[in-house]
Amino acid sequence: MTDVRYPFTAIVGMADLRLGLLLNAVSPAVGGVLVRGEKGTAKSTMVRALAGLLPSIATVPDCRFACDPASPDPQCPDGLHAPEGVDRPAYLVELPVGVSEDRIVGSLDLERALAEGVKAYEPGLLAKAHRGVLYIDEVNLLQDHVVDLLLDAAAMGRSYVEREGVSVRHAARFLLVGTMNPEEGELRPQLLDRFGLTVEIAATRDPAERAEVVRRRLAYDADPAAFADRFGAEEQQLAERIVTARELLPEVELTDVALRQITAVCAAFEVDGLRADIVMARAAVALAAWDGRTEVQEEDVRKAAQLALPHRRRRNPFDAPGLDEEQLDRTLEETSGPEEGAEPEEGPEDDGPGPDGDGPDGGGPDGGGAPEPSGDAPDGDAASDAPAEEPGGAVPPQQGGASKAPVASAGEPYRTKLFKVPGTGKGAQGRRSPAETDGGHTIRSRRPQGHLSRLHLSATLQAAAPHQAARGRDSRALVLRKDDFREQVRQGRESNLVLFLVDASGSMAARQRMTAVKGAVMSLLMDAYQRRDKIGMITFRGAGAELALPPTSSVEVGAARLEQLPTGGRTPLAAGLLRAHEVLRVERMRDPHRRPLLVVVTDGRATGGRDALARAGQAAGLLAGQGLASVVLDCEAGPVRLGLARTLAGQLGGTAVTLDELRAEGVAALVHAHRSVAHFDRKAA
């Protein structure tokens, strides 16, 4: 293992990521950068390499909060500081996926507080990252409340700790960088908006570039120090350019024209709130400083929009981030001139003869530039409409032998009833089923399991009280021992694994019916997204069952697979149930604390011989024997109904709901699990 970082300038390609990181190095007020990309694209390598380019910082000796001796934090918990300072490199602090809130913000040593009467505070990772880089790998896998906490600190530049009546606050200004693989799940739009910039990256498809990447990596692995020396001069030049840009930053002017372009672009793209306008303004100023200029130009605004707006365009959880470049160009062109109030006097003098130059500059609807946008509109609409038709026509060939199977579109999603897994789990924090979690309300106390972080004060006092005389208490202070301490056990809600088992056979193939069914499943997917669940999807039709989507946190991928789902053929219900049994068995070994919920979407019919229903019943009994929580979405339609889906629900030990009953009516629907659910809970725990 080497301590020599891979050089920033040795990384091939990824110009947008490089620029986004450098802009935040010049101006951390931009708000950080979120890096989205597939696995194996050197996201982490580039972020770690950035730390080596940052200027060293002066800190107060022995200050755990990296105070600047020139302007120390007046609220620093380490007290008043002498003016002397020592230089050290800016730290790169990496946040692990399973980090706790106490590890991030720090915690009070409650044992010392009670036993010794002192307020001892142990700083967290935010204190260590102050004036450096805070790097969050796989930020989309962090719990939402942890991401909220980090983004709040990044926005305010200060961390707050409130524990047991004691308040601690300290400066926490850092360059925030998050990386994520969208295949593993998206961040909520509210959290995406808190990142200043976002960059999409993918591995190059150019064989020559790929060869150069491999060549450089092999050279680095063979001799890291020699490889770093090869790029030493370039690294030094880049580091000096960052310092120069930082010094120039206060002198950069954001002109009225540039500001109007920024606000017009944000308005044209219907971005919520005003954070995007502020981020674009800061990014444009940083771009000008990076290029050595003292005035923001139109190209700065364009690049700032490309980095600051794509992730703020999501309206629906299943929308992919993106930006319409043609709309951006039109908006910038329409707002590139002076303000309307200044036009009557200056327009003819500045623009020369002819009235045509006044319209586009002023952005007026009846100026000379009006025909040009309206002339472009049909072409733009045709270009945007053409791809919309292609996926529908391209879906069947992607299904192999099912190329001629019909594909119905999904109906409009709606709010569904809440289905919970019975009992109390211990899974990852979410919004579905009851569980012991770090958040929530206190339900009882217990002896500490590891570091004491959440003291249950009354339980601790009750445990210590009977022993005070024996311990020789001779004052008002309690005599406490380690065995007296109790911690809180809190109950909140957990996320679950929602496994969809979807009947795609011929009995479901009526186009109008399948549209309603897909709309129902899409609604359940939306519900799973909002409740932070993992999801998986099995489909059965024809000769057997297929795992269409392995369990994942990416609900967006599930929605895409559902849209492309073809129908037709026989109904191998037993095969689908057995495949669900196998998938859940494997997932239970991978993540024993995440409790599953099986959602079977079917009309209950089964084909494949006279004993098809009997075999399906046996498979259902196998699942019920594991205490599995299940819901059967009854898709049977028509005046004559056989009730087979409800029979299946009984065999599974679950509950059945029709498409009409699925819609939320203000009352949560509790899943009725098999009698052995208690056994299942103990096994999962």
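This is a predicted model: local features need pLDDT of at least 70, side-chain atom pairs count only at pLDDT 80 or more; totals for chains, interfaces and linings use all residues.
1. The crossing of α11 past α14 is right-handed.

2. Next, see which side chains you can look up at this contact. From α11 come Gln261, Ala264, Val265 and Ala268, and they meet Gln327, Leu328, Thr331 and Leu332 of α14. Sorted by class, this contact has five nonpolar residues, three polar ones and no charged ones.

3. Now for the aromatic rings. How many aromatic pairs does a search of the whole structure find? There are four. One to look at is Tyr6 with Tyr220: the ring centres are 5.0 Å apart and the planes meet at 65 degrees, so this pair is edge-to-face. An angle over 60 is what that label asks for. Tyr6 sits in the segment before α1 (15–26), while Tyr220 belongs to helix α8 (residues 207–222), so the pair ties together parts that are 214 residues apart in sequence.

4. Are these two tyrosines buried or exposed? Tyr6 has 11% relative accessibility and counts as buried. Tyr220 is buried as well, with a relative accessible area of 7%.

5. Phe227 and Phe231 give you another pair to check. Their ring centres are 5.2 Å apart and their planes are at 55 degrees, so the pair is described as tilted. Both Phe227 and Phe231 are buried. Stepping back, ring pairs link Tyr6, Tyr220, Phe227 and Phe231 into a cluster, so try showing these four together, remembering that buried here means under 20% relative accessible area.

6. Finally, turn to helix α2 (residues 43–51), which is mostly covered, with seven of its nine residues buried. Which residues are they? They are Lys43, Ser44, Met46, Val47, Ala49, Leu50 and Ala51. And what covers them? The cover includes helix α1 along with the strands β1 (33–37), β4 (92–95), β7 (133–136), β10 (175–180) and β11 (197–201).

Note on methods:
Residues are numbered from 1 along each chain as its sequence is written. Side-chain values use heavy atoms; hydrogens and water are left out. A crossing is left-handed if the near helix is turned anticlockwise from the far one by less than a right angle, and right-handed if clockwise. Helices (H or I, at least four residues) and strands (E, at least two) are DSSP runs, numbered from the N terminus. Contact means heavy atoms within 4.5 Å. Ala, Val, Leu, Ile, Met, Phe, Trp, Tyr, Cys and Pro count as nonpolar, Asp, Glu, Lys and Arg as charged, and the others, Gly among them, as polar. Rings of Phe, Tyr and Trp (its six-membered ring) pair if their centres lie within 6.5 Å; planes under 30 degrees apart count as stacked, over 60 as edge-to-face and the rest as tilted. Buried means under 20% relative accessible area, exposed over 50%, partly exposed in between (1.4 Å probe, protein chains only).
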